[in-house]
Amino acid sequence: MRFTSEQRLDDGVLEREFILGEIPGTLWTPGSEPAPLILMAHNNGLPKGESRLVARARRSAAYGYAVATIDAAGCGDRPHSPADEQIRADLRRAMRAGEPVDEIFESLVGPLVEGAVPEWRTTLDALLALPEIGGPVGYSGWTAVGIRLAVAEPRIAAAGLFAGGFVPRAQREEARQVTIPLLFLLQWDDEGNPRQRALDLFDAFGTKEKTLHANLGGHTGTPWFEAEDGNRFFGRHLN
C-alpha cells in the first residue's frame with residue numbers, strides 16, 4: 001500500500017489517498033489510534049469520491065473510527081470492459097424508455113460484486129497491517145457487496161446496509177447465511193427499489209440481531225441522523 005497524498009481536516013481527521021496494486025482508495029483516520037475500522041462502499045459501483053460517501057466517511061472518522069473506501073474492479077474510475085459499457089448503455093436506454101431493468105441490473109451488478117469482493121479483502125489485509133488500525137472491522141454501504149463480504153470474510157463483525165442498491169439473486173440467497181449484527185436502512189419511497197423486495201431481503205437475513213430503520217423519502221433522502229445512529233450501532237459492536 002502506497003500513500004499518494006494526505007491532508008489534515010479541520011476536525012483533526014487525517015485523510016489519505018492510497019494505491020494498492022491497481023486499487024485506488026481513501027483512508028480516513030481519527031486523532032486517536034489504533035482505531036476500529038469501517039469499510040465503506042457506495043451502491044452499484046459509484047466512485048469512492050462521491051460526495052455523500054465522503055461526508056459519511058468523514059463523520060464516522062470524526063466519531064473515532066478509521067474508515068476506508070476503494071474503487072474496486074469495474075467501479076468508479078476503474079476501466080470498464082466493452083461488455084460492461086454495453087450493459088450500462090442498455091440500462092440507460094431502458095430507463096429512459098421506462099422498460100423493466102431488473103435483468104439488466106442483474107447482468108451489471110452480479111459481475112461487479114464478484115470482482116469487488118476479492119479486492120476489498122486484499123485491501124482489508126493491507127489496512128489491518130497499519131499501526132493506526134486496530135480492528136475489529138465493520139462494513140457500511142452497498143448491500144450486495146456487504147452480503148458477500150459478510151459470508152466470505154470472517155473479520156467483518158457488523159454491517160450497516162443501504163436498501164437502495166440492486167441486490168442480485170445470488171446475494172439474496174446468500175443473505176440467509178449472514179449471521180453478524182445488521183442495521184438495514186430503507187427509504188420508504190425509493191423510486192428505484194420496490195419496498196417489498198427490501199422487506200423480503202431483511203426477512204431473509206439469517207442473523208438473530210438485525211434492525212430495520214425505515215424513513216419517508218426517495219432514494220437519496222436518508223436523514224443525516226441515521227449516520228449518527230450508524231456510528232452508535234458500530235460503537236456497540238466494534239469497541
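Contact here means heavy atoms within 4.5 Å. This is a predicted model, in which local features need pLDDT of at least 70 and side-chain atom pairs count only at pLDDT 80 or more, while totals for chains, interfaces and linings use all residues. Residues are numbered from 1 along each chain as its sequence is written, and side-chain values use heavy atoms, with hydrogens and water left out.

**View 1. Leucine 37 and the nonpolar cores.** Leaving aside neighbours within four places in sequence, leucine 37 is in contact with Ala66, Val67, Ala68, Leu124, Leu127, Leu128, Ile133, Pro136, Val137, Gly138 and Leu238. A nonpolar core is a set of buried Ala, Val, Leu, Ile, Met, Phe, Trp, Tyr and Cys residues joined through side-chain atoms within 4.5 Å; buried means under 20% relative accessible area, exposed over 50%, and partly exposed in between (1.4 Å probe, protein chains only). The largest core has 56 residues, and Leu37, Leu39, Tyr139, Trp142, Val145 and Phe205 touch the most other members. Helix α3 (residues 102–127) gives the largest share of this core, 12 residues. A second, separate core of 18 residues includes Leu9, Val67, Phe162 and Phe234. In soluble globular proteins, nonpolar side chains tend to be buried together.

**View 2. The open sheet.** Helices (H or I, at least four residues) and strands (E, at least two) are DSSP runs, numbered from the N terminus. Two strands pair if DSSP finds at least two bridges between them. Nine strands form an open sheet with mixed pairing, in the order β1-β2-β3-β5-β4-β6-β7-β8-β9. Its edge strands, β1 (2–8) and β9, each pair on one side only. On average, neighbouring strands of the sheet are turned by 20° against each other, direction ignored.

**View 3. Strand β4 and its partners.** Seven of the seven residues of β4 are buried. β4 pairs with β6 in the parallel sense over six bridges, and alanine 41 has glycine 141 in β6 as its bridge partner. Three bridges join β4 to β5, also parallel; here isoleucine 38 is partnered by valine 67 in β5. Strand β6 (residues 133–142) is in turn joined to the parallel strand β7 (residues 156–162) by six bridges, with serine 140 opposite glycine 160 in β7.

**View 4. Threonine 29 in strand β3.** Threonine 29 lies in β3 (residues 23–29) and is buried, with a relative accessible area of 4%. Beyond its neighbours within four places in sequence, threonine 29 is in contact with Gly12, Val13, Leu14, Arg16, Ala66 and Glu132.

**View 5. Helices α2 and α3.** Axes are lines fitted to C-alpha atoms, for helices over the stretch in contact, and angles run from 0 to 180 degrees between N-to-C directions. The axes of α2 (residues 82–97) and α3 come within 9 Å and cross at roughly 145°. Residues Asp84, Ile87, Arg88, Asp90, Leu91 and Ala94 in α2 meet Ile104, Phe105, Ser107, Leu108 and Leu112 in α3.

**View 6. The buried face of helix α6.** Ala198, Leu201, Phe202 and Ala204 are buried in α6 (residues 195–204). Seen down the helix axis, the buried residues of α6 fall within an arc of 160°, so they line one face of the helix; the arc is that of the directions from the helix axis to the C-beta atoms. Their cover includes α4 (143–152), α5 (169–174), β8 (182–187) and β9 (210–215).
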